Amino acid sequence: MTSPIHAPPLAAPDYATRFGEFVGIGPNGNLWVDGCDVAALAEAYGTPLYVISENQLRHNYRAFRDAFAAEYPDVEILFANKSNNGLAIRHIMNQEGAGGDCFGAQEMYMALLAGTDPATLVLNGSNKQDEELEMALANGLCINIDAEDELDRIADIAARLGVVANLGIRLKLDLEPLRDRMGVSMHGPGSLKQQSDSTKWGMTREQTVDIVRRALAMPAMRLKETHFHLSRMSNEPADFAVMAREMIVWSANLRDETGWTPPTIDIGGGWTFGKWYGTGPNRQIDGPDAPTPADYARAVCSAIREEAEARGLPLPKLRLEPGRALSGPAGVAVGRVGAVKRGAKTWVNLDLSTNHLSWASVLDWYYHAVRVRNAADGDCETVDLVGPLCNSDELGAHREMPALARGDLVAFLDAGGYTESSAARYNAQLLPATVLVSGGRHALITEREQMKDVAGRFRVPAHLLAASFARPEAA
Ligand SMILES: *Cc1c(COP(=O)(O)O)cnc(C)c1O
């Protein structure tokens, strides 16, 4: 694992009610994040606002790192950059010694721009562009092959650049043992096996054998790893252990067919976080008994160890790519209450929308909502928290909330992952600002979008201008 370059000790504040180590109800009864009163942040930076806790992010990474270090000799944690690809986030991950998983030229560029060690970066993608492969090759990233013609394209570009290529292969695991295991429908309907089978990801056994054989015969190709990822928004350790075990089964098959044994297996991400108040789709995933990263590490590492021993394989280096589990609990999304309408239901309108919290509207994803001021006071009523978009824009249906009136603030917890990075502009809404809080300090890390960002990209072709504005020729 890369040594950290700046990993200060973390001291969690003494919050009365905790939603996370650095998120809770602070001294004045308001919601606080990492030493800052969220109400004060909302006044200073405006709403809608994303708030990220530097210390919570560091804590989440270390919890993962330590859980795996306790179970396995050689582990590398690669943060899934797509879950929150802000530059400040990447700097924090670099300082902690985390590698990264990149999708596409832009994410790779931002990771390189932030100074991430390319040896700890992998490039994933099902349709990598030439310029993307070139950037990866020039910088020495590991490229996880996921198409039949990719090896030859890489070989051509590597030859042109005069560099060696570090390669992985993304697998289409069989996952027979998960044929009846239901998970969240991240990849369409069906069991985990059906979801995995039906996505575009991964090469078959035959294709993998073919790629390895061909790569072994090429001079500048260095085979580094096999890779698998099934995002399933769950934390059932046994399911992840099946995936890890299947990676080893695949390794044994490759050794038998090609003589090459993958020195590293990368088991991707997909693990979510356990919270006592319940998170995840329909709030059914988590709860007070939610498994921990240590449970995950134990299940996965013992499956790998067992299977490697049974097949006479050396223990591979292990790579993981957690995204949501690290970034999710590090952030909250804050909206301000506008119109409160009473009728068949009580609708509480916020300036935050499902543009900004996109998972709130799909998969019945649940974000726990908290009133920011006097967070724990008062009787609750059932309300629908909605945003300003022209669709129903349900951020939280049927929520038990303390009284909310115009001007109040509502925070959605565990919104640090896949919110900013997947935000949309529907209804020409401006993207929110993001503030990083760090033990009482706060600093803007993403500027709020402005009207020029929305309107400034549009063009009106000449013939439309002419039709709208040209004066008819004077007779
Ligand atoms: C999305 C993704 C991850 C991270 O997934 P999480 O569910 O956020 O942990 C890791 N690896 C790859 C290849 C991914 O596509």
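**Notebook: a walk through one predicted chain**

I started at S191, which lies in the loop between β10 and α7; helices are DSSP runs of H or I with at least four residues, strands are runs of E with at least two, and both are numbered from the N terminus. Is S191 buried or exposed? I found that S191 counts as buried, at 1% relative accessibility. Leaving out residues up to four places away in sequence, S191 touches L178, R179, D180, R181 and M182, where contact means heavy atoms within 4.5 Å.

A note on what I am looking at: this is a predicted model, in which local features need pLDDT of at least 70 and side-chain atom pairs count only at pLDDT 80 or more, while totals for chains, interfaces and linings use all residues. Residues are numbered from 1 along each chain as its sequence is written, and side-chain values use heavy atoms, with hydrogens and water left out.

Phi of L175 is near 55°, a positive value in a residue other than glycine. L175 is buried, since its relative accessible area is 0%.

Next I looked up A428, in the loop between β19 (409-412) and β20 (433-438). Its phi is also positive, near 55°. A428 counts as partly exposed because its relative accessibility is 45%.

Then I checked a peptide bond: the one from T47 to P48 is cis, with omega near -10°. P48 sits in the loop between α1 (38-45) and β5 (49-53).

I moved to F22, in the loop between β1 (17-20) and β2 (23-25). F22 is buried, with a relative accessible area of 2%. Which residues does F22 touch, not counting those up to four places away in sequence? I listed L10, A11, A12, P13, Y15, W32, V33, D34, S53, N55, Q56 and H59.

**The cores**

A nonpolar core is a set of buried Ala, Val, Leu, Ile, Met, Phe, Trp, Tyr and Cys residues joined through side-chain atoms within 4.5 Å. I found that the largest one has 74 residues, and that F68, I154, L167, M221, I267, Y296 and L318 touch the most other members. Helix α9 (residues 237-258) gives this core its largest share, nine residues. Another core, of 24 residues, lies apart from it and includes F19, V23, I25 and L49.

I zoomed in on M221: beyond its neighbours within four places in sequence, M221 is in contact with L151, I154, A155, A158, A165, L167 and A215.

**Stepping back**

I counted 13 helices and 21 strands in the protein chain. The C-alpha trace spans about 80 × 70 × 45 Å along its principal axes. Of the 475 residues, 55% count as buried. Among contacts between residues at least 6 apart in sequence, 69% join residues at least 24 apart.

Definitions and conventions. Buried means under 20% relative accessible area, exposed over 50%, partly exposed in between (1.4 Å probe, protein chains only).
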